[in-house]
Amino acid sequence: MSPREKYMKRTLIVTGASSGMGREFALTLAKKLSPEEVWLVARSEEKLKEVADNIAAPCLIIPADLSTLDGLEKLFIELEKRMPDCICLVNGAGFGKFGGFEDIELKSQQEMIFLNCTALMSICHRVGEYMKKGGVIYNIGSLSSFQPVPYINTYGATKAFVLSFSRALNREWKKRGIKVMAVSPGWVKTDFFQRAVKDDTIKYYNKFFTAEQVVKRALSDMERSKDVSVCGFSIRCQVLACKLLPHKLVMAIWCKQQKK
């Protein structure tokens, strides 16, 4: 019997659920979707327990570092064991590093690519086996998806992958009745910056949004069957400019803002 023939509990799965947008997605969707079970995945078991305390549904806490193969395997083992009916997946795990390319440790950049790209793709592939018509996937991207970004070089490239991958997968899985969307916000007030910022390489931040604002917009855009969600009128204008202007000019403007 194939996995798709053995669905059990209606399940919401959220990675990066311990803080930031992942946490907000978990709390909001747990109320909106009324799942029978919520799976919370992140490195910190203690923080996941705090999130679980605010969710009415039973929660499965999976402490795992998804930037490693062992971490991914912990999630995949639970999939094979529990055979969930996954009604919604949020790929919220990810991190960035700001700085000159040569100044950021190679291992850190490799882990960034693995977590932001390989892990996200792998989770979509495996969880997709446990999804049926009506399922939805939110992949957390970034405004940097739309342009090359000097001094956020590798991070921006990983989020360009998320954007392209999500839009293409949404088109492929349309026949299955599964929606996939890239959530591509600008600056968001989260713990992301504690890991990303090590110096003053990035000096200019034009506007910040809250995780609540980004999630609210993403849910609204999903209901309208959009494959990309961008929070804020000014940010959507910026995305349009990135599409219309030569990227050489866009990068020059960005570098001038950062005094580079």
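Biologist: Why is Lys 32 called partly exposed?

Modeller: Happy to start there, and bear in mind that this is a predicted model. The relative accessibility of Lys 32 is 45%. Buried means under 20% and exposed means over 50%, so Lys 32, at 45%, counts as partly exposed.

Biologist: What makes Lys 32 and Glu 223 a salt bridge?

Modeller: Their side chains meet at 3.0 Å, N to O. The cut-off is within 4 Å, so the pair with its 3.0 Å qualifies.

Biologist: Which parts of the chain does that pair tie together?

Modeller: Glu 223 lies in helix H7 (residues 211-223) and Lys 32 in helix H1 (residues 20-33), so the pair ties together parts that are 191 residues apart in sequence.

Biologist: And why is Glu 223 called exposed?

Modeller: Exposed means over 50%. Glu 223 has 54% relative accessibility, so the label is exposed.

Biologist: How do you know that Glu 37 and Lys 9 form a salt bridge?

Modeller: The closest N and O atoms of Glu 37 and Lys 9 are 3.9 Å apart. That is within 4 Å, so the pair counts as a salt bridge. The two come from distant parts of the chain, 28 residues apart: Glu 37 is in strand S2 (residues 37-42), and Lys 9 is in the segment before strand S1 (10-15).

Biologist: What makes Arg 82 and Glu 78 a salt bridge?

Modeller: The closest N and O atoms of Arg 82 and Glu 78 are 2.9 Å apart, and within 4 Å is what is asked. Arg 82 and Glu 78 are four residues apart in helix H3 (residues 69-82), so about one helical turn separates them.

Biologist: Why do Arg 82 and Glu 78 get their burial labels?

Modeller: Arg 82 has a relative accessible area of 31%, in between the two limits, so Arg 82 is partly exposed. Glu 78 stands at 14%, under 20%, so Glu 78 counts as buried.

Biologist: Which residues are linked in a network of salt bridges?

Modeller: Lys 9, Glu 37, Glu 78, Lys 81 and Arg 82 are linked in that network. The structure holds 11 salt bridges.

Biologist: Let us turn to the backbone. What makes the phi of Met 83 worth a remark?

Modeller: Phi of Met 83 is near 45°, a positive value in a residue other than glycine. Most residues other than glycine have a negative phi. Met 83 lies in the loop between H3 and S4. The relative accessible area of Met 83 is 13%, under 20%, so Met 83 is buried.

Biologist: What is the phi of Tyr 151 near, and where is Tyr 151 found?

Modeller: Phi of Tyr 151 is near 75°, again a positive value in a residue other than glycine. Tyr 151 is found in the loop between strand S5 (136-140) and helix H5 (153-172).

Biologist: Why is Ala 56 called exposed?

Modeller: The relative accessible area of Ala 56 is 86%, over the 50% limit, so Ala 56 is exposed. Ala 56 lies in the loop between helix H2 (45-52) and strand S3 (59-63).

Biologist: Is Gly 100 buried or exposed?

Modeller: Gly 100 has a relative accessible area of 9%, under 20%, so Gly 100 is buried. Gly 100 is found in the loop between strand S4 (85-91) and helix H4 (106-128).

Biologist: Now the whole protein. How many helices and strands are there, and what makes the protein as compact as a globular protein of that length?

Modeller: The protein has nine helices and nine strands. Its radius of gyration is 18 Å, close to the 18 Å that the globule rule gives for 260 residues, so the protein is as compact as a globular protein of that length. Of the 260 residues, 52% count as buried.

Definitions and conventions:
Residues numbered from 1 in each chain as written. Predicted model: local features only at pLDDT ≥ 70, side-chain atom pairs only at ≥ 80, totals over all residues. Heavy atoms only, no water. Rg over C-alpha atoms; globule rule 2.2 N^0.38 Å. Buried < 20%, exposed > 50% of the residue type's maximum accessible area, 1.4 Å probe, protein only.
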